[in-house]
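This report describes aromatic contacts and pockets in one protein model. The sequence and structure come first, and the description follows.

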Amino acid sequence: MATVDQTMMKVQRLLTGPMNLKIEIQGGTIGVVFTDYSTQINIRVIDWGKAEDGEPRTLVRIVAPLLRGVVPAPALYEYLARETPKLWFGSIAVWDDEKDQGKLSLTLSHTLLGDFLDEEELSSAMYGVLNSADELDDKMQQRFGGKRWTDA
């Protein structure tokens, strides 16, 4: 079991070591930008309380922004209810857009247990989210409007 700081260091080591990626750290978020994708990955390590033996537990949250400035509509919510369960990694979340009042932001995110995280699990989940987000942002923008992360 590990603390948030220990898991954060492990994630950083995996990303910059074996995975050979460039990262940016802002506060408690690790950002990974890929030049050939229309989105990026943000990773946060979250405290998940203590196990029965008192050891700390953590979660690793992998998030890719999809769209900003989307107009709320029943068709959007129906699409999310029907399509999100089909994803191998993650689920789509809807947020009030902080910069565009009355509109929405959408993200694709997936959560892993941080305590037993290894390179293969992190890599598979991260690229699973990234590839899905890269497809979804184009498809959903055509259907529901808004701006992709690269366009915002």
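Phe34 has a relative accessibility of 8% and so counts as buried; buried means under 20% relative accessible area, exposed over 50% and partly exposed in between, with a 1.4 Å probe and protein chains only. The model is a predicted one, in which local features need pLDDT of at least 70, side-chain atom pairs count only at pLDDT 80 or more, and totals for chains, interfaces and linings use all residues. Residues are numbered from 1 along each chain as its sequence is written, and side-chain values use heavy atoms, with hydrogens and water left out.

**Aromatic contacts**

Rings of Phe, Tyr and Trp (its six-membered ring) pair if their centres lie within 6.5 Å; planes under 30 degrees apart count as stacked, over 60 as edge-to-face and the rest as tilted. The count by this rule is three aromatic pairs. In one of them, Phe34 and Tyr37 have ring centres 5.7 Å apart and planes at 75°, so this pair is edge-to-face. The rings of Phe34 and Tyr127 are also edge-to-face, because their planes stand at 65° with the centres 5.7 Å apart. This second pair joins distant parts of the chain, 93 residues apart: Phe34 lies in the loop between strand E2 (29-33) and strand E3 (40-50), and Tyr127 in helix H3 (residues 119-144). Helices (H or I, at least four residues) and strands (E, at least two) are DSSP runs, numbered from the N terminus. Tyr127 is partly exposed, at 27% relative accessible area. Phe34, Tyr37 and Tyr127 make up one aromatic cluster.

**Pockets**

A pocket is an open set of points on a 1 Å grid over the protein atoms alone, where a 1.4 Å probe fits, with protein on both sides within 12 Å along at least five of seven lines; lining residues have an atom within 4 Å of a point. A volume is the space filled by probe spheres set on the points, which are joined across faces, edges and corners. In the table, Ala, Val, Leu, Ile, Met, Phe, Trp, Tyr, Cys and Pro count as nonpolar, Asp, Glu, Lys and Arg as charged, and the others, Gly among them, as polar.

| Pocket | Volume | Lining by class |
|---|---|---|
| Largest pocket | about 640 Å³ | 10 nonpolar, seven polar, eight charged residues |
| Second largest pocket | about 150 Å³ | three nonpolar, one polar, four charged residues |

Strand E4 (56-70) gives the largest share of the lining of the largest pocket, six residues. For the second largest pocket, H3 gives the most, with four residues.
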